[in-house]
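Visitor: I have not looked at this one before. Can you walk me through it?

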Amino acid sequence: MERQVKNFLEIIKYAIHNPEREGLPELMEPVDFHGLAMLAKKHNLYPLFHEVICRFPEYRNQPDYEQNVYLAMTMLAQQVKKTDAFLKLYRAFLAANLHPIVMKGIICRQLYGKYGEYRPSGDEDILVRKEEFFQVKAVLEEMGYECERPDVTEAQLELLQEVAFYEKESRFLIEVHTNVMGHENELRTRMGDCFQNVFANARVCEVSEVPLTTMSHTEHYLFLVLHAFKHFTLNGVGVRQMMDILLYQEQFGTEIDWEYVETALRENHAAGYLGDLQYIGMTYLGCSLPIRYETCAPENLLEDMVEVGVFGKRGEADELAGRINLNSKGGKQSAIWTWIRAGFPSREFMINKAPHLREKPWLLPVEWLKRWGRFLKKTKKYDGNLMMDGMKKSRKRMELLRKYGL
């Protein structure tokens, strides 16, 4: 492993396991402070990273130090503002006798203790019963949030994974899920089946005196793992998501039903993936937890995580590769069929972009033509190499996925 990655992981290890900030992380010389900062930004961990690295005099002497201080403080202030806005919104839900399940985001930030707001969240996710969606939508709109799909129907909610709402001024994003994992392919549907009792098993987590309904520890931990695994099968997923999983296990491992988790992971080919995350946590991040599952390719996985960043979407070629991979997972179709489905996706896949297909399935060929039109337009901007680059990235990911039995 290269020095740069080891130093980055050493800083993250210090950040999550040394809350009193005693001493300094031991970095390998020479230290590329600029490169480390770029890596932290790539993984959307800059405020947490900066809070540690600014203790080094050499970093404070960097020419862009003042700019980096401003960036870290701005990101921190924005996150504090988002948290306050979400808590205000949730109080409105409670006033309307609604109790959406809060997933990831603010719940994961509690794992970082007094540095919770230093772990940024791009949005907040809530899970609602389909029959309560329109009540939730009404509260969101009363609170100044604009629905991305204002004409969404009850029938469309059967297949849509989420509906986005934006706060009009700040553009703060709330994703309202009506199912946990989506139905774009068989793998996602199987994953979603693991959460059939999520409302019955829900618990309450109090944040700033606001009682937030969230998943049980077993289901929330499983969700964090499968959500990361879902992104891993498409474009990859970064270090921040691994940190959430490891810290959750460290803090709540004794309250997790490991038999249920193991069954769910093995059914979805994700046990080796979690085993590798646990190995990385034990080896490089100072985590105190057992490696419960066999490892497959931890060093390859770590290399992939560092390379791809938060969710692996670094450009159009990554998006294309993700679509190819999505259509290759979960079933037993041939390679030719995979390519056909990538070019002409199922209605279940397309409904996320075109919800009206739920009521008007005969318009699917029209949406395929629109999709190809957008693709050809992007290809021209990509100097005609988009397909080749997408295929190359897809093959590279599939080689890694085969190590996990996919």
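What follows is a chat about rings, strands, a helix and charged pairs.

Visitor: What kind of model is this?

Guide: This is a predicted model, in which local features need pLDDT of at least 70 and side-chain atom pairs count only at pLDDT 80 or more, while totals for chains, interfaces and linings use all residues. Residues are numbered from 1 along each chain as its sequence is written, and side-chain values use heavy atoms, with hydrogens and water left out.

Visitor: Rings, then. How many aromatic pairs are found in the whole structure?

Guide: The search finds 20 aromatic pairs. Rings of Phe, Tyr and Trp (its six-membered ring) pair if their centres lie within 6.5 Å; planes under 30 degrees apart count as stacked, over 60 as edge-to-face and the rest as tilted. Phe33 and Tyr59 form a tilted pair, 5.9 Å centre to centre with 50° between the planes.

Visitor: Where do Phe33 and Tyr59 sit in the chain?

Guide: Phe33 is in helix 2 (residues 33-42) and Tyr59 in helix 4 (residues 57-60), so they link distant parts of the chain, 26 residues apart. Helices (H or I, at least four residues) and strands (E, at least two) are DSSP runs, numbered from the N terminus.

Visitor: Are Phe33 and Tyr59 buried or exposed?

Guide: Both Phe33 and Tyr59 are buried. Buried means under 20% relative accessible area, exposed over 50%, and partly exposed in between (1.4 Å probe, protein chains only).

Visitor: And what about Tyr221 and Tyr248?

Guide: Tyr221 and Tyr248 also form a tilted aromatic pair, with 6.4 Å centre to centre and 40° between the planes. Tyr221 lies in helix 9 (residues 217-234) and Tyr248 in helix 10 (residues 239-252), so the pair ties together parts that are 27 residues apart in sequence. Tyr221 is buried, with a relative accessible area of 0%, and Tyr248 counts as buried at 1% relative accessibility.

Visitor: Which residues do ring pairs link into a cluster?

Guide: Phe33, Tyr46, Phe49, Phe56, Tyr59 and Tyr65 are linked into a cluster.

Visitor: Which charged end sits over the ring of Tyr46?

Guide: That of Lys41, 5.2 Å from the ring centre. The charged end of Arg21 sits over the ring of Tyr115, 4.0 Å from its centre. A charge sits over a ring if NZ of Lys or CZ of Arg is within 6 Å of the ring centre and within 35 degrees of the ring normal.

Visitor: Tyr46 keeps coming up. Which helix has Tyr46 among its buried residues?

Guide: Helix 3 does, and its buried residues are Tyr46, Pro47, Leu48, Phe49, His50, Glu51, Val52 and Ile53. Helix 3 (residues 46-53) is mostly covered, with eight of its eight residues buried.

Visitor: What covers the buried residues of helix 3?

Guide: The cover includes helix 1 (3-17), helix 2, helix 4, helix 5 (65-95) and helix 10. Contact here means heavy atoms within 4.5 Å.

Visitor: New topic, strands. How many bridges join strand 4 to strand 5?

Guide: Five bridges join strand 4 to strand 5 (residues 173-177), and the two run antiparallel. Two strands pair if DSSP finds at least two bridges between them. Phe165 has Ile174 in strand 5 as its bridge partner. Their hairpin has five residues between the strands, and Arg171 takes a positive phi near 65° there.

Visitor: How does strand 3 pair with strand 4?

Guide: Strand 3 (residues 145-147) and strand 4 (residues 162-167) pair in the antiparallel sense over three bridges. Tyr145 has Glu167 in strand 4 as its bridge partner.

Visitor: And strand 6 with strand 7?

Guide: Strand 6 (residues 203-207) and strand 7 run antiparallel, joined by five bridges. Val207 stands opposite Val210 in strand 7. Strand 7 (residues 210-214) is mostly covered, with four of its five residues buried.

Visitor: Last one: how many salt bridges are found?

Guide: The search of the whole structure finds nine salt bridges. A salt bridge is a side-chain nitrogen of Lys or Arg within 4 Å of a carboxyl oxygen of Asp or Glu. Arg109 forms one with Glu117, the closest N and O atoms being 3.7 Å apart, and another with Glu124, at 3.0 Å. Arg109 is in helix 6 and Glu124 in strand 2, 15 residues apart. Both Arg109 and Glu124 are buried.
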